[in-house]
Amino acid sequence: MTVLEEYKTNVVQEQSNALHIVMYPWFALGHLTSFLHLANKLAQKGHKISFILPNKTRLKLDPLNHYPDLITFIPITVPVVEGLPMGAETTADVSFQDRSYVMAAMDLTKDAIDLLISQIKPDFVFFDFTEWLPGVASKHGVKSLYYATLFTVSGSYFLPRARLASVGGRDLTQPPPGFPASKSMIKLHAHEARAVGHAITQMEFGGPGKSILQRHAIALEACDAFATKGCTEMDNIYCNFIRQVYGKPVLLAGPVVPEPPSGKLDQELADWLSGFGKGSVVYCALGSECFLSKDNFQELLLGLELTGMPFVAALKAPLECETIESSLPKGFIERTKGRGLVAGGWVQQQLIMQHPSVGCFVTHCGAGSITEALVSHCSLVLLPQVTDQFINARMLSLDLQVGIEVEKDDNGNFSKDRVCDAIKVIMDEESLVGKTTRINHEKWRELLLVKGLEDAYIDDFVQDLRALI
């Protein structure tokens, strides 16, 4: 057999062995994009993905689908639910308090998903919050895989079975029994534990007896395996902890560094950024689902103003206000004219962070944003707001030492001075903190971008998937 004949034989064999995976993530943009990033990595290897998502939301994700021949978007109509605003599809379309209606709508798609799986007979269904999906998949002889969009350290800290196994495990200010020791003691502050405890026990995801924690716990018990993005250098001790607690496979998909979206940075914004020196602009974004109080919203903007540096802030209007304009501090627009932009809608985050003028990223520490940040050259200022973000911030600031947290008071509030101080310290080329974080950040950046790393992880990930079937 010639080399060419052998190559053709291998290609045919790879195509015939291609996996078919259905993905049905929670209807939140951060979850949808995280699943799609993984879909792109799998499609690059020739695997077929049927990606279920809301009708109109497809337009937002189309630019991120780099393999449309292999990744098929299957639009689904979000069912009408009393309390869900007309036309709302994802958590970005509703207030924090109304997320339960989005989950209730997803629950009503169970029969449609059941029919779809019965018709296309995939090898796997990847899911997260729809805890009923493993039962539907099993009914049709399909394996279910819980894909965690959060970092493994956060999943381990809040791991339901470990938490519920003992009374001591229910103290959220401390890690659960058996939680692996890291370089520093990762834990929650008291005000964070109160906020997390309230969030995971309230009935915000709809349906009798279905809190966030209960859905999460049911899903972890029912699925065939877990998967998470990450690498052994950062996550192995936490993966081993989960394996030990549940006795199930835990698959690492690798860093899953997203490819840049198709298209270019908006020309008007690109021109504006180009008017400033290299690494001088502060970019601040707290995610599509973060709604600050008006006081914290204004303190954050005033802190950016106080630095004297140019900045771009992508923020949701605060809870008490209907628009960004109505919530700005008095005189803010006039004082920051020419050096400050505040956007209330979606922005091209990856492209903004890649612009040479952007040198600092103030982030809420969502898993997707962290991955994008770690492969950028931006210094990281950490301003976590909810649940896993608190643990992510501890990992980044204490374990990896690649960023600095904004200090908060005992109620979780922060001041303009604290925001300003954190930014100035980390951007100061002469400060010890700035030097240390830049050195550590560059080490992790080089590791995550090393040639062949992603390919090797995805190959192992696919091999582990095959072993399950």
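Biologist: By class, how many nonpolar, polar and charged residues are in the lining of the largest cavity?

Modeller: Happy to look at that one! This is a predicted model, and its largest cavity has a volume of about 150 Å³. Of the 14 lining residues, Tyr146, Ala148, Leu220, Phe226 and Ile242 are the closest to the centre. Sorted by class, the lining comes to 10 nonpolar, four polar and no charged residues.

Biologist: Which element gives the largest share of the lining of the largest cavity?

Modeller: Good one to ask. At least two lining residues come from each of β5 (143-148), α7 (152-157), α10 (212-222) and β6 (225-228). The largest share is three residues, and the element that supplies them is β6.

Biologist: And the second largest cavity: by class, what is in its lining?

Modeller: That cavity holds about 80 Å³ of space. Its lining is made up of Phe151, Lys229, Gly230, Cys231, Met234, Pro255, Thr371, Leu374 and Leu448. By class, that gives six nonpolar, two polar and one charged residues.

Biologist: Let's turn to the helices. Are α2 and α20 roughly parallel or roughly perpendicular to each other?

Modeller: The axes of α2 (residues 29-44) and α20 (residues 453-468) come within 10 Å and cross at roughly 85°. An angle of 65 to 115 degrees counts as roughly perpendicular. The two helices, α2 and α20, are therefore roughly perpendicular.

Biologist: Which residues of α20 make the contact with α2?

Modeller: By class, this contact has five nonpolar, one polar and three charged residues. On the α2 side, the residues are Leu38, Lys41, Leu42 and Gln44. Those from α20 are Glu454, Asp455, Ile458, Phe461 and Val462.

Notes:
Residues numbered from 1 in each chain as written. Predicted model: local features only at pLDDT ≥ 70, side-chain atom pairs only at ≥ 80, totals over all residues. Heavy atoms only, no water. 1 Å grid on protein atoms, 1.4 Å probe; cavity = no way out; pocket = protein on both sides within 12 Å on 5 of 7 lines; lining within 4 Å. Points joined across faces, edges and corners; volume = space filled by probe spheres on them. Helix = DSSP H or I, 4+ residues; strand = E, 2+ residues; numbered from the N terminus. Nonpolar A, V, L, I, M, F, W, Y, C, P; charged D, E, K, R; others polar. Axes fitted to C-alpha atoms, helices over the stretch in contact; angles between N-to-C directions. Parallel < 35°, antiparallel > 145°, perpendicular 65-115°, else oblique. Contact = heavy atoms within 4.5 Å.
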